[in-house]
Amino acid sequence: MTDPRFPPLSDQAAFLLGQLGAYTSGRFGELLAPLDIGPRHFGMLRLLREHDGQTQQQLGETLGIHRNVMVGLVDELEKRQLVERRRHPTDRRAHAVYLLPAAREVLTRAQETVRRLEAELFAELDTEDRATLLRLLQRTAASNGLRPGIHPGLTHDRMRPC
């Protein structure tokens with residue numbers, strides 16, 4: 001007999017979200033590996049696609065990450081020849097970060113990876129169920145103060161190691 005104070009973990013939404021989140025994160029990393037990027041690189045490249053030419057400081061503020069973390073992330077992308085730093089056109093003390101042509105190709109392939117992953121994850125859901133799930137997740141994320149399009153794993157404000 002099950003104690004009602006301790007329902008099975010598989011009946012608890014928070015557990016299932018955590019389980020799916022961990023699985024999805026690992027699977028996404030596996031699928032991106034052939035592109036020589038990880039999930040955090042993908043997030044940064046997506047941000048740059050929308051805000052190409054911003055300073056490292058501006059990008060760090062948008063992502064909510066410390067400048068040292070931002071420098072390391074840009075260094076990694078620069079080594080892979082996906083971005084380059086250039087002197088900022090109006091502030092000689094700052095560097096702007098720009099996508100290189102190779103990054104646009106990587107982004108196209110990575111976005112296809114996202115589509116494949118979503119198809120894999122939600123294969124058992126029809127189009128209507130997928131749309132409903134997406135709306136519910138968006139509402140839940142917003143009501144918990146998560147910033148749209150910014151993964152909390154990069155930021156200092158939500159994800160703290162246990």
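Colleague: How much space lies in the second largest pocket?

Modeller: The second largest pocket holds about 220 Å³ of space. A pocket here is an open set of points on a 1 Å grid over the protein atoms alone, where a 1.4 Å probe fits and protein lies on both sides within 12 Å along at least five of seven lines; the volume is the space filled by probe spheres set on points joined across faces, edges and corners.

Colleague: Before we go on, what sort of model is this?

Modeller: This is a predicted model, in which local features need pLDDT of at least 70 and side-chain atom pairs count only at pLDDT 80 or more, whereas totals for chains, interfaces and linings use all residues. Residues are numbered from 1 along each chain as its sequence is written, and side-chain values use heavy atoms, with hydrogens and water left out.

Colleague: OK, which residues line that second largest pocket?

Modeller: Its lining (residues with an atom within 4 Å of a point) consists of Q56, Q57, G60, E61, I65, R67, M70, V71, R93, A94 and H95. The elements that contribute two or more of these residues are α3 and α4, and the largest share, 4 residues, comes from α3. Helices and strands are DSSP runs numbered from the N terminus, with at least four residues of H or I for a helix and at least two of E for a strand.

Colleague: How does that lining divide by residue type?

Modeller: The lining of the second largest pocket divides into 4 nonpolar, 4 polar and 3 charged residues, where Ala, Val, Leu, Ile, Met, Phe, Trp, Tyr, Cys and Pro count as nonpolar, Asp, Glu, Lys and Arg as charged, and the others, Gly among them, as polar.

Colleague: And the largest pocket, what is its volume and what lines it?

Modeller: The largest pocket has a volume of about 2500 Å³ and is lined by 46 residues, of which T24, L137, I150, H151 and P152 lie nearest its centre. Two or more lining residues come from each of α1, α2, α5 and α6 (127–143), with α6 giving the most, 8 residues. By type, the lining of the largest pocket has 25 nonpolar, 12 polar and 9 charged residues.

Colleague: Changing topic, how many helices and strands are there?

Modeller: The protein chain has 6 helices and 2 strands, which follow the pattern α-α-α-α-β-β-α-α along the sequence. Its C-alpha trace spans about 70 × 30 × 25 Å along the principal axes.

Colleague: Which residues have the most contacts inside the largest nonpolar core?

Modeller: They are I37, F42, M44, L45 and V83, in a core of 28 residues. Such a core is a set of buried Ala, Val, Leu, Ile, Met, Phe, Trp, Tyr and Cys residues joined through side-chain atoms within 4.5 Å, and buried means under 20% relative accessible area with a 1.4 Å probe and protein chains only, against over 50% for exposed and partly exposed in between.

Colleague: What does V83 touch?

Modeller: Leaving out residues up to four places away in sequence, V83 touches L45, L48, V74, L77, E78, V97, Y98, L99 and L100, a contact being heavy atoms within 4.5 Å.

Colleague: Last one: where does D36 lie, and what is its phi?

Modeller: D36 lies in the loop between α1 (13–32) and α2 (39–50), and its phi is near 60°, a positive value in a residue other than glycine. D36 is partly exposed, with a relative accessible area of 46%.

Colleague: And Q81, in which loop does it lie?

Modeller: Q81 lies in the loop between α4 (67–79) and β1 (83–87), again with phi near 60°, and Q81 is exposed, with a relative accessible area of 58%.
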